[in-house]
Amino acid sequence: EKYIFFNLYDTHGKSIGNVKVDYPSHGQDLSIEKISENEYYLYSSGRKRDKIARFKFDTSNIDFNALYHDDIPLKLNIEFNKTINLKSNAASVTPSISEDKSKIVSVGDINEAVLKININDNDKLNFNVLKSFNFDINPKSDGYLNQGIAMFGEKIFLLRGHVKATGEKSDKKIFVFDAKNGKLLTSYTFSLENNTEFYKIEPEGLMIQNNELFVCLPTINNNNKTKIRLYKLLDIK
């Protein structure tokens, strides 16, 4: 883990802008916030995974009305890498900006059996902790690894899974929490075991759009070819 690669794609899945940043981050979730006509903030895991990293980039050098696009460099700067106050010994966190852009929600492992979920104020400076709660898990049956988190209204969606596409580790989990009190509302399991053409399927990242929850699935087939797919998981009420 040495770099983050950012790509901006058109509606046909072609990259029309890219940048490589010398910044190590696992980055399961990449949240975006529009701040002006051509400027955006991107939020991801920090350098040591115990922080939030915010990047600022603009698209003023891209003509979106052009019939053809070249894959050109994006303008991007590292703005800051700020510690999230989890009030725990969690060594690694997965952060995401809420759908209304007002909060940061994050999840981290306290130990093998307990997760800490925090809701922080997205005030651009302090990330004050608004709410915090623990969640007891069985690491094997509950997805093995934190892979993404999202917040919509008063609901938190947590994705857990493993890179393996076959066997017991093929089951991926979605947990839905009440953000007001930390109560687990429901959970879902989805399996990718029938996708035998893939050597690896690792769910990394959740996205909410038009009241629908999507999961990002980077895949590697047996010929070592990589594709990134976006699949709808749930309708959100």
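Trainee: Which residues touch the most other members of the largest nonpolar core?

Mentor: A quick caveat: this is a predicted model, where local features need pLDDT of at least 70, side-chain atom pairs count only at pLDDT 80 or more, and totals for chains, interfaces and linings use all residues. Residues are numbered from 1 along each chain as its sequence is written, and side-chain values use heavy atoms, leaving out hydrogens and water. A nonpolar core is a set of buried Ala, Val, Leu, Ile, Met, Phe, Trp, Tyr and Cys residues joined through side-chain atoms within 4.5 Å. Buried means under 20% relative accessible area, exposed over 50%, partly exposed in between (1.4 Å probe, protein chains only). Here the largest core has 15 residues, and Ile117, Ile156 and Phe177 touch the most other members.

Trainee: Which element gives the most to this core?

Mentor: That's β10, with three residues. Elements giving two or more include β10 (114-121), β13 and β14 (171-178).

Trainee: What does Ile156 touch?

Mentor: Contact means heavy atoms within 4.5 Å. Skipping residues up to four places away in sequence, Ile156 touches, among others, Val105, Ile117, Phe133, Ile149 and Phe177.

Trainee: How many helices and strands are there in the protein?

Mentor: Helices (H or I, at least four residues) and strands (E, at least two) are DSSP runs, numbered from the N terminus. You'll find zero helices and 19 strands here.

Trainee: What is the strand order in the open sheet of four strands?

Mentor: In general, strands of a sheet pair through backbone hydrogen bonds, either parallel or antiparallel. Two strands count as paired if DSSP finds at least two bridges between them. In this sheet the order is β12-β13-β14-β15, and the pairing is antiparallel. At the edges sit β12 (145-152) and β15 (184-191), each pairing on one side only. β12 and β13 (residues 155-161) are joined by seven bridges, in the antiparallel sense, and Phe152 has Lys155 as its bridge partner.

Trainee: Now Lys173 in strand β14. Is Lys173 buried or exposed?

Mentor: Go by the relative accessible area: at 12%, Lys173 counts as buried. Its contacts beyond four places in sequence include Leu158, Arg160, Tyr188 and Thr189.

Trainee: Which side chain does Lys173 join in a polar contact?

Mentor: A polar contact is a pair of N or O atoms within 3.5 Å; within protein, one must be able to donate a hydrogen and the other to accept it, and residues adjacent in sequence count only if both atoms are side-chain atoms. For Lys173, the partner is the side chain of Thr189, at 3.2 Å.
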